[in-house]
Amino acid sequence: MEGDDEVCVPFQDMGLDDRLLKAISLMNWGEPTPIQEKAIPLALEGKDILARARTGSGKTGAFCIPAINKILMHKKNVEEQTVKAVILTPSKELCNQAFKNVSALTRCCSRDVTCFDVAPQVSLSSQRPMLMERPDIVVGTPSRLLAHIKKGNLDVKSSLEMIVIDEADLVFSFGHEEDMKELLKHFPEKYQALLMSATLTDEVKTLKKMVLHNPVILKLEESQLPETNQLTQYVVKCEHRDKFALLCALLKLRLIRGKSILFVNSVNKCYKLKLFLEQFGVPTCVLNSELPIKSRCHIVSQFNEGLYDYIIASDESACFNPVGKALDKSHKGSKKDKEYGVSRGIDFHNVTNVINFEFPKTVKSYIHRVGRTARGTKKGTALSFVNVKEMKLLEDVEKDLAEQPGGNKLEPFQFNMAEIEGFRYRSKDAMMSVTHQAIQEARLKEIKSEMLSSQKLKSYFEDNPKDLQVLRHDKPLRTVKQQEHLKHVPDYIVPRSLHGYRGLKSRSNQSHHPYASTQSHAQKRYQRMKSDPLRSFEFTKGRKHFRKK
Ligand SMILES: Nc1ncnc2c1ncn2[C@@H]1O[C@H](COP(=O)(O)OP(=O)(O)OP(=O)(O)O)[C@@H](O)[C@H]1O
């Protein structure tokens, strides 16, 4: 840390409001994380802060807690309702997340602290009434906030006391640079500013000059990823075509357990993998920039609730075409959702495994993908599949990790490919159906259905928020022929070394075979949890009503 003495205190000794302490304990945050220990007391003192801390280290709490506490203090003396803090993040998902964190942390404050997220893709005028109420905290992307200010829906010139910029290193690359500069003209001359970032890039340094005054710089001496006792990283080297067989074997033999995010490098690959796994009875959700923001947020929240085991995510920004015709990057007139980034900052809960089915294109991307597991105090595993073409990228990552403190490195994942010959054969069979056309059809089908859900169901779900739970995102797309036999794992293809593993061999009746089940653990868990009859509702296209199956 530069510029101030070290501070290290538990939440209870930070002088926080009792209601805030109660909410923190309801969130099961026993101790502050290192960045919270350092940043919260300094922010409460009124210091400007530039904080760099590794991904998943609790930066959101580090800025939300002091912001809320300051508002609670302020309200003890002044009754006038004004916008006192803005939280800026580069993407809609991150805004949603910051908003949820504020909501959770203010749950014991009744209506004493109000917060509004302006990021969702609705008309500016529909949000105007909420802004007229002058919520204490406004969350949004810089561009969206500026749009509201220009429309006259929001004026913070005289009231604003704190601005927070989260994931500061992404603000410019997500296209907010000019808007950020203009936004500052609408802020008062004096305010407290907190800048949070996982990396200190040139962009962050520029932002620092733009918004911070004589800041304390918190640069935790730590690796960019959790240490080896929290995060285990494996690599398996294999040919591209073997990746499919290997993944299939790992999932069907339950060698990979728990909630997992499978990363690929393009939207097409998301659907390729989904269609492939669909044939083996493995339900997955796809998450990419092409899907409407409402669907994206809904998928993340359902995954966090435990409804799904597997998400296939691509972390590129692709084209978003509302009519769903041509979906290639080159397509003219298609709209890129630049405010998208699944591997950046999204707080997926309890992710046991991150699987790089395709190796990320940059070291930074590796760090952020892997950072979706082992978050907070949880443990996790990352497994990367690497083919010959990706070896150089792997070397770059290994070199980078070796230079960081914490002793992080990728261990070889011991797996004998010869033992999964049966899976190889079946995978080849399944891949025959996953043609370019099937992928495009699946992509189109999904975007159409998601848009329909997102738009047509919007008003219904606003009135009946509980029914939103029935809307699933992991249904099979069925643009490939379903081969029922692929869904089962016959004993003869199980590697010899696994015979006897959890009674695998002793079970002869395949319909009762533990690995033959097409229903995942998450599904069973979820179904037990929610026995809501409304779940069997489905939306009937064309007839604007819901019917029970
Ligand atoms: N004090 C704490 N104790 C336990 N868990 C915590 C604590 N603070 C935050 N967490 C949990 O840690 C997880 C990661 O927190 P958060 O999303 O704030 O990380 P981050 O540093 O912003 O990560 P990223 O850089 O990826 O955005 C969250 O699930 C959060 O609930």
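1. **Two domains.** The domain bounds used in this note come from an automatic or database domain assignment. On that basis, the C-alpha centres of domain 1 and domain 2 sit 31 Å apart. Domain 1 covers 11-219, and domain 2 is made of 231-318 + 332-488. Please keep in mind as you read that this is a predicted model.

2. **Where the domains meet.** Domain 1 gives 18 residues to the contact and domain 2 gives 19 residues. What kinds of residue make up the side of domain 1 that touches domain 2? There are 10 polar residues, five nonpolar and three charged.

3. **The chain as a whole.** You will find 17 helices and 18 strands in the protein chain. Of its 549 residues, 44% are buried. Among contacts with a separation of 6 or more, 78% join residues 24 or more positions apart.

4. **The annotated stretch at 9-37.** An unreviewed UniProt entry places the feature "domain: DEAD-box RNA helicase Q" at residues 9-37. UniProt, again in an unreviewed entry, also places "short sequence motif: Q motif" at residues 9-37. In the model, this span is 45% helix and 0% strand, and its end C-alpha atoms lie 6 Å apart.

5. **A residue in a loop.** Now to a single residue, E45. Its place is the loop between α2 (34-44) and β1 (49-52).

6. **The largest nonpolar core.** This core holds 64 residues, of which A51, V164, I165 and L195 touch the most other members. Helix α3 (residues 59-77) supplies the largest share of the core, with seven residues. Which residues does V164 touch, leaving aside those up to four places away in sequence? They are F63, A67, A85, I87, L88 and L194.

7. **Helix α6.** In α6 (residues 142-151), the buried residues are P142, S143, R144, L145 and L146. Among the elements that cover them are β2 (85-88), β4 (137-140) and α7 (177-185). Just after this helix, G152 takes a positive phi of about 85°.

8. **Helix α10.** How far apart are the end C-alpha atoms of α10 (residues 267-279)? They are 19 Å apart, which agrees with the 18 Å that its 13 residues should span at 1.5 Å a residue. The helix is mostly covered, with 11 of its 13 residues buried. Those buried residues are V267, C270, Y271, K272, L273, K274, L275, F276, L277, E278 and Q279. Just after α10 comes G281, with a positive phi of about 75°.

Notes. Residues numbered from 1 in each chain as written. Predicted model: local features only at pLDDT ≥ 70, side-chain atom pairs only at ≥ 80, totals over all residues. Contact = placed C-beta atoms within 7 Å. Nonpolar A, V, L, I, M, F, W, Y, C, P; charged D, E, K, R; others polar. UniProt positions renumbered as here; feature names shortened; annotations may be inferred. Helix = DSSP H or I, 4+ residues; strand = E, 2+ residues; numbered from the N terminus. Buried ≥ 20, exposed ≤ 12 C-beta atoms within 10 Å, placed from the backbone. Expected span 1.5 Å × (residues − 1). Core = buried A, V, L, I, M, F, W, Y, C linked by C-beta atoms within 7 Å.
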